[in-house]
Amino acid sequence: MRYLGTVFFVMILLVTACAESPPLPTLIPTNTPLPTETPSPTPPATSTPLPSIQELTRATDPSQQAFIRVIHAAPEVPTIDVFIERLAVGTN
């Protein structure tokens, strides 16, 4: 009897897989505007500003910088924020 139920299930599966599906709706094509024959105005050329010299501070001096990597891998713990000297460096 169990064999008969399995065969019946496979037959139903094959019939539904081979049945014709209704056609999918397609978008109606719309007209796109053609490019204009007159070129668009180009902005006037401006000079590139020179880079300013930045004073070395703890934030900009590479010898005073450090890197930290924080991994929050506890699955059932709420999100955390990481603060260094009252400055939020990692928030979620």
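## The hairpin

Val 82 sits across from Gly 90 of strand E2. This is a predicted model, and here the pairing is between E1 and E2, which run antiparallel and are joined by three bridges. E2 covers residues 87-90, while E1 takes in 82-84.

The two strands make up a hairpin, with two residues between them. Look at Glu 85 in that turn: its phi is positive, at about 50°.

## What else is in the fold

How many helices and strands does the protein have? There are one helix and two strands, and going from the N terminus the order reads α-β-β. The helix is H1, residues 2-18. Between H1 and E1 runs a loop, and Leu 34 is part of that loop. Ala 74 belongs to the loop between H1 and E1 too.

## Overall dimensions

Laid along its principal axes, the C-alpha trace spans about 85 × 60 × 20 Å.

Burial is worth a look next: 2% of the 92 residues count as buried.

Is Leu 34 buried or exposed? Its relative accessibility is 75%, so Leu 34 counts as exposed, the cut-off being over 50%. From Leu 34 to Glu 76 you step 42 residues along the sequence, and the C-alpha to C-alpha distance is 57 Å.

Ala 74 has a relative accessibility of 35%, and therefore counts as partly exposed.

## How confident is the model?

The mean pLDDT of the protein is 78, with 97% of the residues at 70 or more. Which element has the highest confidence? That would be E1, at a mean of 85, while H1 is lowest, at 78.

Definitions and conventions
Residues numbered from 1 in each chain as written. Predicted model: local features only at pLDDT ≥ 70, side-chain atom pairs only at ≥ 80, totals over all residues. Heavy atoms only, no water. Helix = DSSP H or I, 4+ residues; strand = E, 2+ residues; numbered from the N terminus. Buried < 20%, exposed > 50% of the residue type's maximum accessible area, 1.4 Å probe, protein only. pLDDT = per-residue confidence, 0-100. Pairing = 2+ DSSP bridges.
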